[in-house]
Each structure stands twice: as C-alpha cells, then as structure tokens.
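I opened this model to look up its ligand site, its aromatic pairs and some backbone details. My entries follow in the order in which I looked.

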Amino acid sequence: MTAFGSVFMPEMAISWFDGSNWSPAETVPSDKLTLHPGAHVLHYSSTCFEGLKAFRHSDGTVKIFRIDQNIERMCQSSDILALPKLDKAAVKSMILELVRRFASEVPEAPGSMYIRPTHIGTEPCIGKAASPSLTSCFYVLLSPVGSYFSGDTSATLRLLLEENVMRCAPHMGVIKSGGNYASALPPTMKAKREHKIDQILFCPNGDVQETGAANAILIDGNQLITKALDDSFLHGITRDSILTLARDLGMDVQERNLTVTELLERAAKPGCEIALSGTAAVLTPVGTLVYQGEEYKVGNGGVGATTVKLRTALNDIQWGRAEDTHGWLTDI
Ligand SMILES: *Cc1c(COP(=O)(O)O)cnc(C)c1O
C-alpha cells in the first residue's frame with residue numbers, strides 16, 4: 001500500500017497575493033510550483049496548512065467534514081504568522097470547486113479524499129528574517145487516502161512520555177505551521193531509535209499535551225479527560241468532534257490539565273483507554289506508555305471499547321450512516 005499522502009490528484013487550485021490583491025483562482029497541474037529560491041517561506045518558514053477530508057456517501061454524494069472550522073483555523077494561522085489575510089469565501093469556493101472537479105475520484109468508505117490547503121510567503125527577500133512576507137501563494141492539494149486502520153485492527157500505538165522537550169515554541173502551538181513539525185522531528189527520531197516508540201506524547205514539565213500531529217484523550221469508564229485549550233497546542237477539530245459526541249453519549253467530559261502522574265495511575269487500571277485524535281488518524285488507540293525507561297500497559301494493552309464506539313460514531317456521521325445532528329457536513 002502507498003504511504004498516506006503520497007498520491008495526488010493531477011491538478012490543484014491556486015491563487016497568488018501580489019501585495020494588494022488575490023489573483024482569480026486557477027486550476028493548474030499539481031506537480032510543480034515556481035518560486036524564487038529566495039522566497040520567504042524557504043528561509044523563514046512562513047507557511048501554514050490545513051488537513052480536512054471529503055467523504056463519499058452510499059447515495060453517491062460527496063460531503064466535506066467541518067470545512068468552516070478548518071478555514072477559520074487557517075486564517076488564524078495566517079494571522080499569527082503575519083502572512084497576507086486570506087479571503088474566507090474565496091478559500092471555501094476554491095476547496096469546494098476542486099473537490100467537485102475530482103468528485104469521481106473520492107474513494108468509497110473506508111477511504112476518503114484528504115484536502116491540504118497551504119499558504120506560503122513568496123516574497124523574494126532574504127533580508128526579511130525578522131519581518132513578514134508581503135506576497136504569498138495559497139493552493140489546495142487533494143490526496144485520496146485509504147483506511148488508516150486497514151489490515152491489523154488490533155494494532156495499538158506505543159508512546160514515549162517526554163517531559164523535558166517541547167514539541168514547538170509555546171506561542172506557536174495553535175498553528176499548523178511547517179516549523180513546528182521540524183521542531184518535533186529531532187526528539188521524535190531519537191525516541192524512535194532509543195525506545196522503539198511510534199510517537200512522543202509531549203508532556204512539558206509533567207503537563208500532558210499532545211503528540212507530533214494528534215491530540216491525546218484519556219478515557220476512564222464514563223470519564224473522558226483531555227487538556228483544556230490554551231495557546232501551547234493544536235486545537236484539533238477531531239478533538240472537538242469527539243468531545244461533542246462523548247457528551248451526546250452522556251459521558252463526563254473534562255477539559256483540564258492532566259499530569260503524567262495521574263495519566264500513569266489511571267492508565268494502569270483495567271478498562272482505561274488512551275487515544276490520539278486527528279483528521280488522518282481519526283481516533284487511534286494507545287496500548288503502551290514508555291516513561292523513564294519503564295513500560296506501562298494502558299488498560300489491557302489492546303483496543304478499548306469506548307475508543308471504538310466514539311470512532312464509529314464519528315465515522316458514521318462522516319459517511320452518512322448516522323444523522324448529522326451538529327451540521328458538520330457540507331455539500332460540494
Ligand atoms: C492537525 C493536528 C492535530 C489534529 O487536528 P485535527 O483538526 O483534528 O486534524 C493535532 N495536533 C497537531 C500538532 C496537528 O498538527
């Protein structure tokens with residue numbers, strides 16, 4: 001099977017900001033982009049992106065999940081990075097039009113079409129290390145993806161609890177920006193080598209935060225606990241959706257700080273579950289925690305029943321098998 005995100009539709013939607021205006025959206029081949037080698041993004045990381053999905057329903061229609069939330073977050077990322085202001089309506093119509101163009105390529109369930117809007121600073125000026133790019137480019141890529149869970153459905157992740165390294169600078173946490181992933185890469189590679197883990201769960205000073213690209217959720221009986229929103233981590237739309245569905249199911253949802261000590265104490269209890277939430281991973285179960293050289297099983301180390309229940313509830317809405325009571329789906 002090809003790696004997630006390595007197959008692209010042959011065309012992308014694109015628009016350029018020249019310092020005053022956005023160019024009319026165009027559809028162009030998606031295998032090349034011409035930039036000056038001195039472009040701001042290539043030196044000073046003025047870049048942000050989004051990740052959302054379109055789903056094919058059994059009646060043949062295609063719907064996009066929570067597109068307005070992703071556009072809001074992209075605009076916030078652009079603002080924090082001092083990139084030119086995006087036009088929300090234009091961004092939305094570019095995404096909808098592109099998905100409509102490739103609607104016949106949206107895979108059947110359990111696959112989906114991953115949508116990757118991207119905004120980069122293009123000003124050719126290497127003297128602007130400490131000032132923003134006045135020009136930019138916004139484009140949208142499409143990548144059909146299969147099920148994250150195809151194959152071994154009993155697989156669980158192994159996470160390292162890391163208290164001494166941060167994923168990214170705390171004031172950048174809410175942005176889906178390239179530099180944040182570069183920042184998380186060295187500790188992640190080191191941890192994979194030394195502890196054979198899949199991901200690091202970053203817990204700066206003992207505060208359980210998130211992994212490199214997903215939010216962390218603890219499920220203990222009827223309680224669901226996850227870090228309350230602050231500027232230090234990415235506010236996942238999957239996280240928000242799972243919390244909403246858990247409340248719908250009558251669960252006691254607690255958004256609050258969680259310490260490594262409490263996490264380890266609870267994780268050891270039979271029936272306890274930990275899961276990672278994100279657009280790509282949906283809700284992925286964690287089976288093992290590694291902390292200070294020791295291994296701790298989460299519950300019985302297998303896939304938790306509540307994790308599966310919540311993931312199924314979310315997937316059922318996405319694929320039109322359950323009613324979209326929260327208005328999360330948009331027609332293309
Ligand atoms: C994208 C991302 C998430 C998950 O966000 P979703 O909106 O649920 O896809 C969580 N953490 C990080 C660091 C991310 O980049």
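The notes below start with the ligand and end with single residues.

**Entry 1**

I am working with a predicted model, and I read local features only where pLDDT is at least 70. For side-chain atom pairs I kept to pLDDT 80 or more.

**Entry 1: ligand surroundings**

Which residues are closest to the ligand? I found Lys176, Tyr181, Glu210, Thr238 and Thr279 as the closest, in a shell of 15 residues. I then sorted the shell by class and got five nonpolar, six polar and four charged residues.

Next I looked up polar atoms around the ligand. A side-chain N or O atom of Tyr181 is 2.4 Å from an oxygen atom of the ligand. For Thr238, a polar side-chain atom lies 2.7 Å from a ligand oxygen. Ala214 takes part through its backbone: one of its polar backbone atoms is 3.4 Å from a nitrogen atom of the ligand. I also looked up the ligand's surface, which is 380 Å² when the ligand is taken alone, and the protein buries 97% of that.

**Entry 2: aromatic pairs**

How many aromatic pairs does the structure hold? The count is five, and I wrote up two of them.

The pair of Phe4 and Tyr114 is edge-to-face, at 5.3 Å centre to centre with 70 degrees between the planes. It links distant parts of the chain, 110 residues apart: Phe4 is in the segment before β1, and Tyr114 is in strand β6. I checked the cover of both partners. Phe4 has a relative accessible area of 41%, so I list Phe4 as partly exposed. Tyr114 has 9%, which is under the 20% limit, so Tyr114 is buried.

The other pair is Phe49 with Tyr181. Their ring centres are 5.5 Å apart.

The charged end of Arg167 sits over the ring of Tyr181, 5.6 Å from the ring centre.

**Entry 3: helix α4 at Gly179**

I placed Gly179 in helix α4. Gly179 is partly exposed, with a relative accessible area of 30%.

**Entry 4: helix α6**

Is helix α6 largely enclosed or open? Six of its eight residues are buried, so I note α6 (residues 260-267) as largely enclosed by the rest of the structure. The buried residues are Val260, Glu262, Leu263, Leu264, Arg266 and Ala267.

**Entry 5: backbone details**

I found a cis peptide bond from Ala109 to Pro110, with omega near 5 degrees. Pro110 is in the loop between α3 and β6.

Arg66 has a phi of about 50 degrees and is in the loop between β5 and α2. At 8% relative accessibility, Arg66 is buried. Gln292 has a phi near 45 degrees and is in the loop between β14 and β15. Gln292 is exposed, at 62% relative accessible area.

**Entry 6: Gln209**

Where is Gln209? I placed Gln209 in the loop between β9 and β10. Gln209 is buried, with a relative accessible area of 8%. The side chain of Gln209 makes a polar contact of 3.1 Å with the side chain of Ser232.

Conventions:
Residues numbered from 1 in each chain as written. Heavy atoms only, no water. Near = heavy atom within 4 Å. Polar contact = N/O pair within 3.5 Å; in protein donor to acceptor, adjacent residues only side chain to side chain. Areas by Shrake-Rupley, 256 points an atom, 1.4 Å probe, with all protein chains shown as cover. Nonpolar A, V, L, I, M, F, W, Y, C, P; charged D, E, K, R; others polar. Phe/Tyr/Trp six-rings, centres within 6.5 Å; stacked < 30°, edge-to-face > 60°. Helix = DSSP H or I, 4+ residues; strand = E, 2+ residues; numbered from the N terminus. Buried < 20%, exposed > 50% of the residue type's maximum accessible area, 1.4 Å probe, protein only. Lys NZ or Arg CZ within 6 Å of the ring centre and 35° of its normal.
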